[in-house]
Amino acid sequence: MLTRAFADSVPNADRNGTGPASEPGFCTGDLREALRFAAILLPALFVYGSVITTFTMSIDNEFPDTFDQDIGLGRWAISLLKRLLLADPYAAYITPVVFVVFLSLAVYIVGRTLRLSDSMLVVFGFLSVSFPALFYQVDFNVQSDAVGIGLALGAVSAPLFLQALRADRPIARRIALFFAACATTAISTATYQSLFTMGPGIVLLVLTEKIARGGKPPVARLAGPGILWLATSFVLFRLVSHGLQSVLSVSPSTYFATQIGWTHASFPASVSSAIRNAVTLCLGGNYYGNGIYLLATLACIAGIVVMLRHRRPVGAVLLAAILVLPFALNILLSFSFPPRTYVFQGFSFAYLIVFFLRFGLPARFVRPAAFAATCGALWFGTHVLASLVFADQMSWRADIVLAEQIEQRLHSAIPDYRDGVTPVYFHGGIQRANRWKPRGSDIYGTSFFHWDGGNNLRISNFMRANMIGEVRMAPLSRVRAIMGRIGPQPVFPATGSVFMLGGVAVVRLGIEPGTLQTLPE
């Protein structure tokens, strides 16, 4: 039912592989749907194989319990899923597998909602799961499996909404479908707020597809219900967030205030920054692996020309909107968000390429171009993620060696040192180059002993999580009292870099102090 959204308004056939939703074949029904899903899942498992088979501990994965933190951030779906269903905080192998399965399900739902032919569904699937943006999400084991479920729920919300608009449905059923769309959108948003763009993004794809196939887009008819859908979903998300925070006595927290670029620069500078950031992303810059998005930009330009040639200006506008939708917050807030927030970028990339294959190429070139696109995307995505995972693995190994050296030095340099009893302060962060870390690879390959210029909470949790030592962090007041006397001491691993000062075991990792906000009061 869900995958037949807009079925009454989409032609049964079109050129270059846009054919009917169900084509004749050797099998039908559930088995055929299972094969379609498998055609997406198998390449996804191949692309994400390096993550599935190689566990590494990266930034944020050192925390043993993020339940209250997620509740405070409004990510209550993560908290509930982790406590009731998923590995808490995570488990090697199964956590990334869950992410990949539900990512593949989301791609399958989107492809079936668009009623792509079987061949184009496969191309769409290969391109979507191979795109690197979500590689930066799967690295966060503490949430990636829940985010995968959120992706699938976000994908479901769009066909539910579109079905609710069909006039041939009983009114009671339409109301039920509408509130189901709101509920799935709210839960999806509660796994990761950037997933709020999933539902509207899929609706844009459906409208573009309808225009491309010669239909008249009901944009005006969708505007009112669409706004009501998103507003109701947001209100539901906020009500549940505030309710759980109140019941569980968790203080709300947010990064949003620090991510509004307009408050940190003049209006002209903010506009210039937003445009420059969007152009950089569309041209394949900003982060490692995004270079392939330039193909989507070129396909979008070609698609716009096709739309205008057929006098479909609304379709041209929608194609441009699909291209920049993943970066909408960057543009609206004039802020450069990390690549893990571009959750819709893989879908935009895949659709724009598939659109160009069907409507921008002569029929004789479609199959070879589709084959080249799928093979190229598969190779590129697998290579990018394997490089990222290897950089992470090498950094993790080096951090373990460093942590063991620090633990040994604490005991040898300070005879009275006792794990978990003697307060410890790590001053600053190490300066260590990771030759395997690709440029622009965000948190991949970053040392726990370098993050934030030295973060005592992360370092102590890292040593505890890897069962190297139990570190008791020194209180902020005692650290401030000794800060002025640390200057003359050398930096680790030099002799004298670990010492007692004012009843605190000091490990000097860097020249300047790192972040002090995470120290206990």
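**Close-up 1. Cysteines of the predicted model.** A disulfide is a pair of cysteine sulfur atoms within 2.5 Å. The structure holds zero disulfides. Cys-282 takes part in none, and the nearest cysteine sulfur, belonging to Cys-300, is 8.1 Å away. Cys-282 is buried, at 9% relative accessible area, and Cys-375 is partly exposed, at 38% (buried means under 20%, exposed over 50%, partly exposed in between; 1.4 Å probe, protein chains only). In this predicted model, local features need pLDDT of at least 70 and side-chain atom pairs pLDDT 80 or more, whereas totals for chains, interfaces and linings use all residues. Residues are numbered from 1 along each chain as its sequence is written, and side-chain values use heavy atoms, without hydrogens and water.

**Close-up 2. The largest cavity.** On a 1 Å grid over the protein atoms alone, a cavity is a set of points where a 1.4 Å probe fits but cannot get out, a pocket is an open set with protein on both sides within 12 Å along at least five of seven lines, and lining residues have an atom within 4 Å of a point. The volume of the largest cavity is about 110 Å³, where volume is the space filled by probe spheres set on the points, joined across faces, edges and corners. Among its 13 lining residues, Val-51, Thr-54, Phe-55, Thr-56 and Asn-141 lie nearest the centre.

**Close-up 3. The second largest pocket.** This pocket has a volume of about 300 Å³. Of its 15 lining residues, Pro-200, Val-203, Leu-204, Leu-207 and Leu-222 are the closest to its centre.
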